[in-house]
Structures are given as C-alpha cells and as structure tokens.
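Good morning. Please have a look at it first.

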Amino acid sequence: MSGKLLIDASFAGETRVAVIGADGQLEVFESECPTNKPIKGNVYLAKIVRIEPAVQAAFIDYGGSKHGFLPFSEIHYDYFNKNVVKSAENDLSFNGGEADRKARVSPLKIQEVIATKQVVLVQAEKEIRGNKCAFFSTFISLPGRYCVLMPNPPKGKKNAISKRIEASEKERLKQIFQSLNIPEGVSCIVRTAGDSRTKHEIKRDFEYLQRLWEEIREKMANSAAPSLIHEEGNIIKRSIRDLYQRTMGGIVVHGKEAAKEAKSFMKIYTPTHVKKIELYEDSAKTTLFDKYGVDDSVAKILSPVVGLPSGGSIVINSTEALTAIDVNSGKLKNERDMDGTALRTNLEAAVETARQIKLRDISGIIVIDFIDMDDHTSCASIEKKVREAMKNDSAHINIGKISQFGLLEMSRQRMRTSVIESSFVQCRHCNGCGKVLSDETVAITVIRRLENELASVKAKHVIVEVSRGVDLYILNHKRKLLSELETKFSTFIEIASSANLSAAEYNVVVKEPQLNEYAKVKSAKPDEKPNGKPKAKRQRRNNNASSKKPEQDSATA
C-alpha cells in the first residue's frame with residue numbers, strides 16, 4: 001500500500017485534500033473555498049471585446065471579473081475569416097489548416113482574420129494572478145482518468161502516449177488506440193495513469209470523454225456569450241481523477257455529502273474501487289487531518305524555513321521573478337569532515353526541496369543554492385538525487401546542472417495557485433518587500449518634508465500625524481530639530497499618533513491664519529515626492545485642537 005487520499009469536507013467554508021505516503025508523510029495538499037474556485041480547465045462561450053495588433057492577441061469577455069487574454073497562436077483556424085485566408089492561400093500558397101506563425105513575406109495578422117464581437121469557445125489555461133488576467137485557448141482539452149481528449153487539436157497534433165510510459169508498454173497502448181475508432185480531426189493522449197490499464201478501462205474513459213464533449217456542444221448551441229459551458233469539477237472530483245492511485249490503501253472522507261459525491265464520481269472512473277471509499281466517523285471528537293497529523297504538516301508549509309533530519313535546513317523565498325531556496329548546514333558546520341557534512345546535507349536538501357516544491361506548488365524559475373562542494377562527483381550525485389526525487393511530480397520540469405557557484409536552476413510548470421498565494425495577502429506596511437523603514441528614517445524624512453511645507457504655507461499651529469512609535473521617537477530624539485523649525489517659521493508643531501497610518505505614512509495639518517481654520521495640506525508616504533500644494537479642506541476649529549484632531553466638513557478652501 002502506498003498511503004491514503006484524505007478528503008476533509010467537514011467545514012462548509014473549505015474543502016481540503018491531502019495525500020499521505022506509506023510512511024505517514026504528507027505528499028500532496030490542496031484546498032478550495034466556495035468563494036474562490038479555480039477557473040483553470042473551465043470551458044466558456046466568450047465574446048471578443050478588443051483586438052491588440054501590437055501583441056497579436058485579443059481580449060475576451062467570458063463572464064469573469066476581468067477580461068481574458070487570448071493570443072493569436074491559441075485561436076483555431078475554424079474561427080478565421082475564410083475570405084482572408086483564401087486570399088492568403090492564393091498569394092502565398094498558404095497551406096490550409098492552422099495558420100503558420102513563422103515569419104513570411106506577408107503573414108496573417110490577428111486583426112485581419114478575427115473581429116470584435118465574434119463568439120468563440122475557449123478554455124482557461126491559466127488562473128488570474130495579481131494584475132495578470134486569465135489566459136485562454138480555443139483548443140479544448142478534456143482530461144479523464146486515463147486519457148485526454150482534444151476534439152479540435154492544432155494542425156499536426158496526433159494521438160500520443162505519455163513520455164513517462166516505457167517503450168514496451170507504448171506498443172500495447174498503440175494497438176488499443178487502433179481499436180477505439182477515434183474520429184477524424186480528434187486527438188487522444190494516454191496519461192501516465194493509463195500505464196498497465198486494460199483495453200476496457202481505457203475505452204470506457206475515452207467514451208466518457210466523448211459523451212462529455214457532446215454535452216458541451218449541445219449546451220453551447222443553447223447558450224449566449226458570455227457564459228460558463230463546462231466546469232472542470234470541484235476539488236473532490238479532481239482529486240479522485242488526478243491524485244488517487246490504485247495502489248493506495250483507500251480514500252477516507254470526512255463529511256457525509258462529500259462521501260456520497262466521491263462514491264458517485266468513482267463509479268464513473270473505477271467502479272470496482274468504490275468500496276475503497278471510507279466515511280470517517282468523528283466518534284473520537286478528532287478531525288480527520290488531526291488524526292493523521294496533516295494539520296501540523298500544513299502549518300510547516302507556511303513557514304519559509306524547513307528543517308532537515310541531520311540538523312540542517314532549507315530557506316524558501318519567493319519573488320516575482322523566481323523562487324530562491326538556500327541550503328544551510330546548521331549545527332553540523334563545526335564537524336571535522338566538512339565535505340562529508342556538505343554532501344549529506346545537500347542530499348537531504350535535494351529530497352526535501354523536491355517535496356516542498358510539490359507541496360507548495362512552486363512554479364516558474366527555481367534556483368537552489370546548495371552548500372559548496374569541491375568534488376565534481378558529489379555534484380553529480382546531488383543532480384541525480386534531485387531528478388529522482390522529482391520524477392513523480394506530474395508537472396513538467398526542466399532541471400539544469402549545478403554551476404560553478406553551487407547553484408542549480410530548474411523550471412516547473414504552474415499547476416494551480418500556490419499555497420502561499422492563496423493563504424497570504426500583501427502586507428500594507430512593507431508592500432510585500434518584507435522590510436519596513438526604521439523609526440529614525442521615517443522621523444528624519446517627516447521633519448525634512450515638514451520644513452518644505454512650512455516654507456510654502458504660513459501657519460501658527462501645525463499638527464503632524466504619524467504612526468504609533470514614530471511619534472515617541474520624534475519627541476524623544478528629534479525635539480531639538482522641532483524647536484529649530486518652530487523658531488525659524490514662528491509656528492507651534494504638535495506631534496500626534498494615528499492607528500490608521502502605516503509605519504511609513506504621515507499627515508500634516510496646518511492652521512491658516514487668514515482663515516483662522518485648520519487645513520490638511522499633506523498626506524503621503526515619506527518616500528513620495530509632493531506634487532505641489534494640494535487643495536486644502538476647511539475644518540472648524542475644535543476647542544481642544546491642541547490635543548485632538550479637528551473635524552472636517554465638506555467645504556473646500
């Protein structure tokens with residue numbers, strides 16, 4: 001037995017899925033909230049709302065909060081203006097099928113063959129991420145348990161078998177392909193999960209996908225753009241389809257409704273394994289994840305530091321450009337055999353790094369800084385260990401070699417929103433950089449900007465609002481500077497704290513003598529340059545103005 005698939009649907013606000021190995025170690029973790037469902041894999045009937053010739057792409061309205069991005073290379077030939085294509089064929093001997101994207105004397109342009117308000121059937125390929133909109137394609141791909149059906153593949157896309165399946169097994173699967181009677185213009189791929197599966201199992205999966213495609217076409221014919229045509233499926237269905245393995249000890253589900261849904265879905269893919277689904281009874285008042293120790297493992301995923309068995313550690317830091325993983329020897333650095341210590345720690349780090357990358361779903365460029373080793377043989381051992389540890393990862397991965405600086409580079413396909421992205425929000429104090437300005441820096445900057453304001457605005461009384469802690473620092477360490485400003489500009493400066501301001505923000509409120517009223521003339525972060533004197537809002541003078549912030553009304557100066 002190789003572990004279990006755990007599904008925790010006991011809490012209505014979130015469904016969590018975990019795969020634990022035979023040793024009880026967490027191997028895969030996913031979660032999904034009803035208010036934040038992924039759109040990757042969903043099929044939409046969309047409408048083209050804007051064409052951008054500069055980037056050869058179109059923006060589509062698929063019913064989401066933001067328009068989707070549809071590049072020219074992802075638009076099927078069937079959507080092209082046939083008159084334009086025919087003209088191109090006559091002029092340049094254009095060879096039908098999908099448009100050739102290679103440079104030619106007069107290549108087709110997206111603005112020539114696609115029009116706004118045109119309706120297209122698209123599938124989400126990438127989720128919305130930050131300021132980036134979702135990425136779409138008109139080449140539909142429907143994944144099943146053992147097969148992937150492509151009803152409208154690009155030109156030249158033929159039936160295929162997963163590269164991870166051995167050559168001897170591929171010959172058997174090719175014979176099964178011939179017996180499926182795959183229609184002309186349709187492609188099918190056997191997934192890695194189809195390895196050693198019988199003809200009956202693969203045929204049943206293929207027929208299910210055919211029925212699904214017919215349902216999509218029927219619903220599309222009766223729908224108006226924009227609308228959702230097919231939903232990829234919730235986390236329970238996806239986990240059974242993609243994560244469950246026949247060699248697993250079973251599936252344990254916490255929640256009666258979730259257990260019913262899991263059994264119903266299992267009947268479609270592997271009816272003989274329905275008996276492996278077990279409803280978790282909460283008689284011991286212990287949650288499913290707590291019983292198997294998953295909660296503790298999930299808590300460690302959120303930490304940037306991960307310990308290694310021998311005492312070393314790896315530190316994971318993600319930026320917009322890449323993810324850097326640093327390997328530390330820890331308490332073992334004082335041992336006599338430094339080369340042996342480095343090799344042992346690096347081998348442990350290779351295994352744990354592969355596990356953490358998969359658990360956290362880290363994607364894009366990844367750089368691992370291993371402990372320096374002089375022996376080239378040791379470097380080769382580390383590279384081999386990394387490849388072995390990542391061979392069971394379903395994502396597409398490219399792994400390089402360890403450079404002269406001890407760095408190993410790799411790239412990993414983005415499968416879903418990472419645990420860090422879904423669990424954290426950007427800090428409003430540091431704006432995601434992980435650092436905040438010191439009280440000394442903020443105090444000096446505020447006083448310098450205050451001097452600039454006083455030079456342009458005459459005032460008898462000035463109130464400076466700063467964040468908590470900065471006010472005390474100014475009063476205790478910068479009182480002399482305040483006194484010099486009061487003497488220089490003949491004014492009284494009051495320092496006040498505000499809980500609504502972040503560490504680097506401040507407000508300046510001055511009293512205009514000719515109006516005998518207060519006016520807020522500055523509200524900014526210290527690292528921003530003022531864009532001239534803004535319009536001041538009039539405020540009634542409060543009897544306790546020296547100790548309280550004056551109230552504002554709607555009049556403007």
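Arg241 is buried, with a relative accessible area of 7%; buried means under 20% relative accessible area, exposed over 50%, and partly exposed in between, with a 1.4 Å probe and protein chains only. This is a predicted model, where local features need pLDDT of at least 70, side-chain atom pairs count only at pLDDT 80 or more, and totals for chains, interfaces and linings use all residues. Residues are numbered from 1 along each chain as its sequence is written, and side-chain values use heavy atoms, with hydrogens and water left out.

What does Arg241 form with Glu232? A salt bridge, with the closest N and O atoms 2.6 Å apart. The term stands for a side-chain nitrogen of Lys or Arg within 4 Å of a carboxyl oxygen of Asp or Glu. Glu232 is buried as well, at 15% relative accessible area. The pair belongs to a network of salt bridges that links Arg191, Glu232, Arg241 and Asp242. Side chains of opposite charge can pair when their charged atoms come close.

Next, the helix around Arg241. Helices here are DSSP runs of H or I with at least four residues, strands are runs of E with at least two, and both are numbered from the N terminus. The buried residues of H5 are Ile235, Ile236, Arg238, Ser239, Ile240 and Arg241. What covers them? The cover includes strands S1 (4-11), S2 (14-20) and S3 (26-32), along with helix H6 (256-269), where contact means heavy atoms within 4.5 Å.

Now two other salt bridges. Arg197 pairs with Glu201, the closest N and O atoms being 3.1 Å apart, and both residues are buried. Arg217 pairs with Glu214 at 3.9 Å between the closest N and O atoms. These two sit 3 residues apart in helix H4 (residues 199-221), so about one helical turn separates them. An α-helix has 3.6 residues a turn, so residues three or four places apart point the same way. Arg217 is partly exposed at 43% relative accessible area, and Glu214 is partly exposed at 45%.

Finally, the totals. The count of salt bridges comes to 18. The protein has 14 helices and 27 strands, and buried residues make up 42% of its 557 residues.
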